Amino acid sequence: MAQQKSGEPRKLRTSVKGPLMFSAFWAVLAFVATLIFASGGSAKTPRFDLAFTAAGIAFIVILVVLAMLSMGHKPNDEQLGKGSGVNLSSRDSGHGGHPAQPRPDAGAPDAGPHSSGDDVR
């Protein structure tokens, strides 16, 4: 929040409006679903008590989960995007059946566990 300047709108990551609207949407959905399904049919009285309880629980739980996810967010280090990985180019990585460079031990006999020439099955 130290980067926030007064008078400018907040970024999506620091705005409160998005998570509140998302939680409110699911709370309304839980309210309607509970109101319909908890009453047991249209001939019986609707259960508003259960519907409000389900909406409140859905609102709070989703809001807490979104808060935990936003607090746990950490942007990647700038150095990671510079291309300093092992395979800098997919063309030179040796994939696709064509090795990038011949192996230095390509002409040497295999010194593995089955180097005696026995056919092990």
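1. Ala 38 lies in helix α1. Its relative accessibility is 30%, so Ala 38 counts as partly exposed. The model discussed in this note is a predicted one. Along the chain, Ala 38 and Ala 51 are 13 residues apart, and their C-alpha atoms are separated by 8.0 Å.

2. A second pair also involves α1. Met 21 is placed in helix α1. With a relative accessible area of 53%, Met 21 is exposed; the cut-off for that class is over 50%. Between Met 21 and Phe 59 there are 9.8 Å in space, C-alpha to C-alpha, and the two are 38 residues apart in sequence.

3. How do α1 and α2 pack, in angle and in distance between axes? Helix α2 covers residues 48-71, and α1 covers residues 17-39. The two helices pack at an angle of about 150 degrees, and their axes are 7 Å apart. Angles over 145 degrees count as roughly antiparallel, and α1 and α2 are therefore roughly antiparallel to each other. The crossing in which α1 passes α2 is right-handed.

4. Which residues form a nonpolar patch on the surface? The patch consists of Phe 22, Phe 25, Trp 26 and Leu 29, and together these have about 400 Å² of accessible area. Trp 26 has its place in helix α1. Its relative accessibility is 36%, and Trp 26 therefore counts as partly exposed.

5. How many salt bridges does the structure hold? There is one salt bridge. Arg 47 forms a salt bridge with Asp 49, and the closest N and O atoms are 3.0 Å apart. The cut-off for such a contact is within 4 Å.

Technical notes:
Residues are numbered from 1 along each chain as its sequence is written. This is a predicted model: local features need pLDDT of at least 70, side-chain atom pairs count only at pLDDT 80 or more; totals for chains, interfaces and linings use all residues. Side-chain values use heavy atoms; hydrogens and water are left out. Patches are made of residues with over 30% relative accessible area and no salt bridge: like charges are joined within 9 Å, nonpolar side chains (Val, Leu, Ile, Met, Phe, Trp, Tyr) within 5 Å. Accessible areas come from the Shrake-Rupley method with a 1.4 Å probe; for residues, only the protein chains shown count as cover. A salt bridge is a side-chain nitrogen of Lys or Arg within 4 Å of a carboxyl oxygen of Asp or Glu. Helices (H or I, at least four residues) and strands (E, at least two) are DSSP runs, numbered from the N terminus. Buried means under 20% relative accessible area, exposed over 50%, partly exposed in between (1.4 Å probe, protein chains only). Axes are lines fitted to C-alpha atoms, for helices over the stretch in contact, and angles run from 0 to 180 degrees between N-to-C directions. Angles under 35 degrees count as roughly parallel, over 145 as roughly antiparallel, 65 to 115 as roughly perpendicular and the rest as oblique. A crossing is left-handed if the near helix is turned anticlockwise from the far one by less than a right angle, and right-handed if clockwise.
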